[in-house]
Amino acid sequence: IKYHHLADAIIAIATSREGELPIEDVASAMKLGIDRAKTYIDMYVGKHYGVRLFKKIERESRVRRGLAKMLSVFGFKIRTVKTFYRITDEGLSIFYRHPYYLKYRRSIAAKIIQRLFGCVHPRIAFKKLIKTILIVVPIALGISIVQPQLALPILAPVTVAIAMLMLFLNRAI
């Protein structure tokens, strides 16, 4: 089971735009909590385990720092540092032998999904697709109510795009 989760982490990070993802997205791809995902991934961060598949990166966010200052007045504390994991060359060599790589290697749909959602892993892309639907569809419906002549030109492409992405993601999952 641990290696199945690890394979999900490798796929998620390797198919991301820059080869790195925040721990929240990796944990979502692994279907685990953030702490459990960290323990699985951290085994392959250091060289003392023999194989170094990932590199851990800590970044401080200016937005989170400002939010932390505002919320500290009310007694709330939030972390200003966000943890990212980047895949190493050893991790990429394992990914290139995985069946998912063969599936996504020359796929035009996978490249489109990677541009739109930042990652081709089915769980992450599906989650971001649902969030996008929850934002775009009410806006499109609002525009079509205000301007009825724009209903077909707006809702038809949105519906077709959503249907195509859902079909691809259902095949991928």
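Helices (H or I, at least four residues) and strands (E, at least two) are DSSP runs, numbered from the N terminus. An axis is a line fitted to C-alpha atoms, for helices over the stretch in contact, and angles run from 0 to 180 degrees between N-to-C directions.

This is a predicted model, in which local features need pLDDT of at least 70 and side-chain atom pairs count only at pLDDT 80 or more, while totals for chains, interfaces and linings use all residues. Residues are numbered from 1 along each chain as its sequence is written, and side-chain values use heavy atoms, with hydrogens and water left out.

**The chain as a whole**

The chain has nine helices and three strands. Read from the N terminus, their order is α-β-α-α-β-α-β-α-α-α-α-α. Along the principal axes, the C-alpha atoms fill a box of roughly 65 × 50 × 25 Å. Of the 173 residues in the chain, 36% are buried; buried means under 20% relative accessible area, exposed means over 50%, and partly exposed lies in between (1.4 Å probe, protein chains only). A contact means heavy atoms within 4.5 Å. Among the contacts with a separation of 6 or more, 64% join residues 24 or more positions apart.

**Helices H1 and H5**

Two packed helices are described by the angle between their axes and the distance between the axes. For helix H1 (residues 2-14) and helix H5 (residues 89-96), the axes come within 10 Å and cross at roughly 105 degrees. H1 and H5 are therefore roughly perpendicular to each other; the cut-offs are under 35 degrees for roughly parallel, over 145 for roughly antiparallel, 65 to 115 for roughly perpendicular, and oblique for the rest. H1 contributes Ile10, Ile11 and Ala14 to the contact, and H5 contributes Gly91, Leu92, Ile94 and Phe95. Of these residues, six are nonpolar, one is polar and none is charged. In this scheme Ala, Val, Leu, Ile, Met, Phe, Trp, Tyr, Cys and Pro count as nonpolar, Asp, Glu, Lys and Arg as charged, and the others, Gly among them, as polar.

**Aromatic rings**

The structure holds three aromatic pairs. Rings of Phe, Tyr and Trp (its six-membered ring) pair if their centres lie within 6.5 Å; planes under 30 degrees apart count as stacked, over 60 as edge-to-face and the rest as tilted. Two of the pairs involve Phe95.

| Pair | Centre to centre | Angle between planes | Type |
|---|---|---|---|
| Phe95 and Tyr96 | 6.0 Å | 50 degrees | tilted |
| Phe95 and Tyr101 | 5.5 Å | 70 degrees | edge-to-face |

Ring pairs link Phe95, Tyr96 and Tyr101 into a cluster. Phe95 has a relative accessible area of 5%, so this residue is buried. Tyr96 is partly exposed because its relative accessibility is 44%, and Tyr101 is partly exposed at 22%.

Another ring, that of Phe84, has the charged end of Arg59 over it, 4.7 Å from the ring centre. A charge sits over a ring if NZ of Lys or CZ of Arg is within 6 Å of the ring centre and within 35 degrees of the ring normal.

**Helix H2**

Helix H2 (residues 23-30) is mostly covered, with six of its eight residues buried. These are Ile23, Asp25, Val26, Ala27, Ala29 and Met30. They pack against H1, strand E1 (20-22), helix H3 (34-42), strand E3 (81-87) and helix H8 (122-146). Lys31 follows H2 and has a positive phi, near 60 degrees.

**A residue of helix H8**

Ile130 lies in helix H8 and is partly exposed, at 33% relative accessibility.
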